[in-house]
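Dear colleague,

Please find below the structure that I am handing over to you. My notes on what was found in it follow directly after.

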Amino acid sequence: MTAPSRAKLRLANLPTPLFRHAALDEIVGGQVWVKRDDMSGGVETGNKVRKLEYLLADARSQGADVVVTCGGIQSNHCRATAVLARNCGMRSVLLLRTTEPAQATPRGNLFLDALVGAEVRLVTPAEYARRDTLMLDVARELRRVGEKPYVIPEGGSNGLGSLGYVDAMGELSAQLAAGEAGAPARFDLVAFACGSGGTAAGVALGAAHHGVAAAALGIAVCDQAPYFEDKVAELIGEARALSRDLPASAPLSIDYAFRGPAYGIPTDEQLSFLLRVARTTGLVLDPVYTCKALYGLSQLATRSDKVCFIHTGGHPGLLADSARVCSHPDW
Ligand SMILES: *Cc1c(COP(=O)(O)O)cnc(C)c1O
């Protein structure tokens, strides 16, 4: 059951471990195994590394010398791209969305972008709404001065990038076969945060292809129904065109109930949950993605469920937002 055959670079530190903690079962309410994709690397770590193994291989095979991508001011995807592009001998241009340039003090992910010498261009939310066109404009500008740009969409989410998560489910299937961390033969559910949809597309396809879970659940951290249903269907179509033996149907549901007040802003309960998980188990969540997703799971999971939660990373964003965490009443 191998599927993706496209060229990829070895950039991630794999397999990522399965983490199990009795107290986490209590807090979440099912039997929970955490797939530690927050440990897929060094400063580049997180879910984007798996996508970039394919995307940067493609960039290199096209002879690119500069990678253009985009995200929020604290984008984990942009940071991973900046670091790994440098590893591969390329520079990066990052279009980062911010309402106030004052937010752009180099902290967290933005600090790491600058540290590896990424070229940061700040864009307004209105400009960001046209991000795909904007990136093509930048690519044209770079080509005019003799550079060879390669454009990566927001979150590394296209069909090619999502193949990284098809592979992740193959990796998980080997861990299940080995009974790692007392894992069952098959999970009832694999759950994860959904931000730009590439992880969801890859996990849904990979979980069906490799038979690791009966169902896949993406917990949205932004946007409204049915945005991800449409987006993920499009990505699944692209992925299947690249890798023909992927299954035609890939069961996936998206829950929109735990997005909180806005992208990047958790509710008080969600932050309280982040603190409780950290202080009870030592598992550290991030406030933008994994805290919302695991909190959501705790509201949905039932005792009998055997669940795999994918920890997709995001710690630099937590460090950049430490003031918010420290001002919570539970601190
Ligand atoms: C990008 C990201 C996600 C969401 O993944 P998508 O493939 O964009 O949906 C989840 N968690 C973290 C920490 C991320 O950086």
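Contact here means heavy atoms within 4.5 Å. Please bear in mind throughout that this is a predicted model.

**Helix α9 and its two partners**

In that sense of contact, Gly198, Ala200, Ala201, Ala204 and Leu205 of α8 meet Val232, Leu235, Ile236, Ala239 and Arg240 of α9. By class, this contact of α8 with α9 has 8 nonpolar, 1 polar and 1 charged residues. Helix α8 covers residues 198–210, and its axis is 9 Å apart from that of α9, at a packing angle of about 60°. Angles of 65 to 115 degrees count as roughly perpendicular, and α8 and α9 are therefore oblique to each other. Their crossing is right-handed.

Helix α7 (residues 159–177) also packs against helix α9 (residues 227–242): the two axes come within 8 Å and cross at roughly 80°. Because of that angle, α7 is roughly perpendicular to α9. On the α7 side the contact is made by Gly159, Leu160, Ser162 and Leu163, and on the α9 side by Leu235, Glu238, Ala239 and Leu242. The contact of α7 with α9 has, by class, 5 nonpolar, 2 polar and 1 charged residues.

**Helices α10 and α11**

A further pair is formed by helix α10 (residues 268–281) and helix α11 (residues 290–300), which pack at an angle of about 95° with their axes 9 Å apart. The angle means that α10 is roughly perpendicular to α11. Glu269, Gln270, Leu271, Phe273 and Leu274 in α10 meet Cys291, Lys292, Leu294, Tyr295 and Ser298 in α11. Sorted by class, the contact of α10 with α11 has 6 nonpolar, 2 polar and 2 charged residues.

**The ligand**

Which residues come nearest to the ligand? Of the 16 residues around the ligand, these are Lys48, Lys51, Ser196, Thr199 and Thr312.

- Ser196: an N or O atom in its side chain is 2.5 Å from an oxygen atom of the ligand.
- Thr312: a polar side-chain atom lies 2.6 Å from a nitrogen atom of the ligand.
- Asn47: a polar side-chain atom lies 3.0 Å from an oxygen atom of the ligand.

**Backbone details**

Most residues other than glycine have a negative phi, and most peptide bonds are trans. Against that background, the following places deserve a note.

Leu14 and Pro15 are joined by a cis peptide bond, with omega about 0°. Pro15 belongs to the segment before β1 (18–19). A cis peptide bond also joins Ala225 and Pro226, again with omega about 0°. Pro226 sits in the loop between β8 (213–220) and α9.

Where is Ala181 placed? Ala181 is in the loop between α7 and β7 (187–194). The phi of Ala181 is near 55°, a positive value in a residue other than glycine.

With kind regards

How values were computed: Residues are numbered from 1 along each chain as its sequence is written. This is a predicted model: local features need pLDDT of at least 70, side-chain atom pairs count only at pLDDT 80 or more; totals for chains, interfaces and linings use all residues. Side-chain values use heavy atoms; hydrogens and water are left out. Axes are lines fitted to C-alpha atoms, for helices over the stretch in contact, and angles run from 0 to 180 degrees between N-to-C directions. Helices (H or I, at least four residues) and strands (E, at least two) are DSSP runs, numbered from the N terminus. Angles under 35 degrees count as roughly parallel, over 145 as roughly antiparallel, 65 to 115 as roughly perpendicular and the rest as oblique. Ala, Val, Leu, Ile, Met, Phe, Trp, Tyr, Cys and Pro count as nonpolar, Asp, Glu, Lys and Arg as charged, and the others, Gly among them, as polar. A crossing is left-handed if the near helix is turned anticlockwise from the far one by less than a right angle, and right-handed if clockwise. A residue is near a molecule or strand if one of its heavy atoms lies within 4 Å of it. A polar contact is a pair of N or O atoms within 3.5 Å; within protein, one must be able to donate a hydrogen and the other to accept it, and residues adjacent in sequence count only if both atoms are side-chain atoms.
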